[in-house]
Amino acid sequence: MQPIIAPSVLAADFGNLEQDCKMINTSDADWFHIDIMDGVFVPNISFGMPVLAEIQKHAQKPLDVHLMIVDPDRYLETFHKLGAEILTVHYEACKHLHRSLQLIKSFGIKAGVALNPHTPVQHLRDTIQDIDLVCLMSVNPGFGGQSFIEKTYDKIKELKQLIEDTNSNCLIEIDGGVTDKNAAKLISCGADVLVAGSHVFKSADSLSTIKTLKNVN
Ligand code: DX5
Ligand code: ZN
């Protein structure tokens, strides 16, 4: 099956966001991946609500919003109103993960949970049936352009097993260091969604890079 491709806008040209949004619209990509960083949960600040509002104006595909912020419950409704169709919080940033998931679902959108590279998949054993998407971080969150962490392959297989064992139907998303070199192996291990930032936006031909990722197998 073809993967869902979600280019990460973090690597786009912020001086020409409209142009890069149009590129994603016309490409084979499926979602816009939006990285929100607060400078506390991660050692970087990306962009916030006004920029997302601009992206929403131009985006014609679902917004997959990845919140790298502490205590995300404070802003879940705001991001829902800004058009998030998939809203992902970090396991490590939630005191009451189940409550956060229920709040996201109350808006009628998909609830995602991201795991840092050091967080065991088994920490989701008791919530997996409430989750629509698990985002496995394959780099330490905070920056684009980092190298892929190889341990991710084992985590995908373990998560896939957990999903099957519990009759869940959540998607597995991989975020960080994804390229056409590791995409096929990620999919064969069980990944459903590939996020790619630098690989897409730093390539000479982003449209064809996205097409290659979409058709990799
Ligand atoms: C990292 C972000 C990623 C990032 C991926 O904290 O969550 O979405 O944009 O960038 P690349 O694909 O360049 O590793
Ligand atoms: Zn991300």
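This is a predicted model: local features need pLDDT of at least 70, side-chain atom pairs count only at pLDDT 80 or more; totals for chains, interfaces and linings use all residues.
**Notebook: ligand 1 and its surroundings**

I started with the neighbours of ligand 1 and found 20 residues around it, the closest being Asp 35, Gly 142, Asp 175, Gly 197 and Ser 198.

I got eight nonpolar residues, ten polar ones and two charged ones.

Then I looked up the polar contacts. Asp 35 puts a polar side-chain atom 2.8 Å from an oxygen atom of ligand 1. For Gly 145 I noted a backbone N or O atom 2.8 Å from an oxygen atom of the ligand. Gly 197 also has a backbone N or O atom at 2.8 Å from a ligand oxygen. I followed this with the surface of ligand 1: it exposes 390 Å² when taken alone, and the protein buries 99% of that.

Where does ligand 1 sit? I checked the pockets, and it sits in the largest one.

Which strands supply at least two residues each to the shell? I wrote down β2 (32-37), β3 (63-68) and β8 (193-196). Of the shell's contributors, β2 gives the most, with three residues.

Last, I zoomed out to the whole chain. I counted eight helices and eight strands in its secondary structure. The radius of gyration came out at 16 Å, close to the 17 Å that the globule rule gives for 217 residues, so I put the chain down as being as compact as a globular protein of that length. I also boxed the C-alpha atoms along the principal axes and got roughly 45 × 35 × 30 Å.

How values were computed: Residues are numbered from 1 along each chain as its sequence is written. Chains are lettered from A and ligands numbered from 1 in the order in which they are written. Side-chain values use heavy atoms; hydrogens and water are left out. A residue is near a molecule or strand if one of its heavy atoms lies within 4 Å of it. A polar contact is a pair of N or O atoms within 3.5 Å; within protein, one must be able to donate a hydrogen and the other to accept it, and residues adjacent in sequence count only if both atoms are side-chain atoms. Accessible areas come from the Shrake-Rupley method with a 1.4 Å probe; for residues, only the protein chains shown count as cover. On a 1 Å grid over the protein atoms alone, a cavity is a set of points where a 1.4 Å probe fits but cannot get out, and a pocket is an open set with protein on both sides within 12 Å along at least five of seven lines; lining residues have an atom within 4 Å of a point. A molecule sits in a cavity or pocket if more than half of its atoms lie within 2 Å of its grid points. Helices (H or I, at least four residues) and strands (E, at least two) are DSSP runs, numbered from the N terminus. Ala, Val, Leu, Ile, Met, Phe, Trp, Tyr, Cys and Pro count as nonpolar, Asp, Glu, Lys and Arg as charged, and the others, Gly among them, as polar. The radius of gyration is taken over C-alpha atoms; the globule rule is 2.2 Å times the number of residues to the power 0.38.
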